[in-house]
Every structure is written in structure tokens, then in C-alpha cells.
Amino acid sequence: MIAVITWFAGIFYLPRLYVYHAAAEDTASRERFKIMERKLYRGIMWPSMVVVIALGTWLISFNPAYYLQSGWLHAKLALVVLLVGYHLYCGKLNQMFKQDQNHRSHVWYRWFNELPVFVLIAIVILVVVRPF
């Protein structure tokens, strides 16, 4: 659970840093955001994501016949794949900011920041309710 919490903390916070970075007007602030974004992405988000995927795979290995026949798990895994894609896209955005090639506004990043909230809500509902 700790890895899931830290991964989601990074998924929520990194795009928020992008909001502030995109709105920053001075060089010192932009350079500070680059450091913060790099450390969060590489030092917290990547290790957390790897641990989440490894432990999830390990959990499924305890009873693969049950888990692999559960529709709710298939839906949850599809959402996790979306999160991994979001995570990787954040890495692409990191590179754009690192090279000073961002062309999006802080408003775009505010909307981008909201997407994983819906995925988290859906995953929690699937895990708790197990509707199918």
C-alpha cells in the first residue's frame, strides 16, 4: 500500500509542478522546477511504480485461477495500464520542460492534473465493490 500511495502522490504532484513551471516567468524558478520534477519522477515515482507492479504480479501469483477469472481485476489492470501510460507521458513532459520546449499553458496542465483522480476512484470502487 505504501508504494501505491507514494506512486499516486507523485502522479498527483508532478503535474501540479508542471502547472507552476508553465506559469513561471523567471529563470531561477524554472531551473528549480526542473530539479524538483526530475527528483520526483526518477527518485519517487519510478521506484514506486516498479514496486506496485511487482507486488501486484506477486499477489496474482498466489491464486492465478481466481484472479485471472475475475472481471473486476481485468478492469483494474486496464486502469493500471492507463496509469503507467500517464506516468510515461509525464516523463515525456519532463523532458520537454528540461529542454525548455514546453508549449502548453498552465491551464492545460491543471486539466491534465485531474485525469488520474478519475482512474483512482474507479480502481478503488473496483477493488472494494468487485462488481463483476
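Helix H2 covers residues 27-62, which makes 36 residues, and reaches 52 Å from its first C-alpha to its last, close to the 52 Å expected at 1.5 Å a residue. Helices here are DSSP runs (H or I, at least four residues; strands are E, at least two), numbered from the N terminus, and the expected span is 1.5 Å times one less than the number of residues. This is a predicted model, in which local features need pLDDT of at least 70 and side-chain atom pairs pLDDT 80 or more, while totals for chains, interfaces and linings use all residues. Residues are numbered from 1 along each chain as its sequence is written, and side-chain values use heavy atoms, without hydrogens and water.

Let's stay with H2 for a moment. Shortly before the proline Pro-47, the helix has a kink of about 35° at Met-45; the bend is the angle between axes fitted to the seven residues ending at a residue and the seven starting there. Met-45 is also among the buried residues of H2, along with Phe-33, Tyr-41 and Val-52. Buried means under 20% relative accessible area, exposed over 50%, and partly exposed in between (1.4 Å probe, protein chains only).

| Helix | Residues | Reach, first to last C-alpha | Cover of buried residues includes |
|---|---|---|---|
| H1 (2-23) | 22 residues | 32 Å | H2, H4 and H5 (106-129) |
| H2 (27-62) | 36 residues | 52 Å | H1 (2-23), H3 (64-67) and H4 (71-98) |

In H1, the buried residues include Trp-7, Phe-8, Pro-15 and His-21. Lys-34 counts as buried because its relative accessible area is 14%. Leaving aside residues up to four places away in sequence, Lys-34 touches His-21, Phe-97, Lys-98 and Asp-100, where contact means heavy atoms within 4.5 Å.

Now to the surface. A nonpolar patch is formed by Phe-118, Ile-121, Val-124, Ile-125, Val-127, Val-128 and Val-129, with about 660 Å² of accessible area together. Patches take residues with over 30% relative accessible area and no salt bridge, joining like charges within 9 Å and nonpolar side chains (Val, Leu, Ile, Met, Phe, Trp, Tyr) within 5 Å. A salt bridge is a side-chain nitrogen of Lys or Arg within 4 Å of a carboxyl oxygen of Asp or Glu, and areas come from the Shrake-Rupley method with a 1.4 Å probe, with only the protein chains shown counting as cover for residues. Val-127 is found in helix H5 and is partly exposed, at 32% relative accessibility.

For the whole chain, the secondary structure comes to 5 helices and 0 strands. Buried residues make up 34% of its 132 residues.
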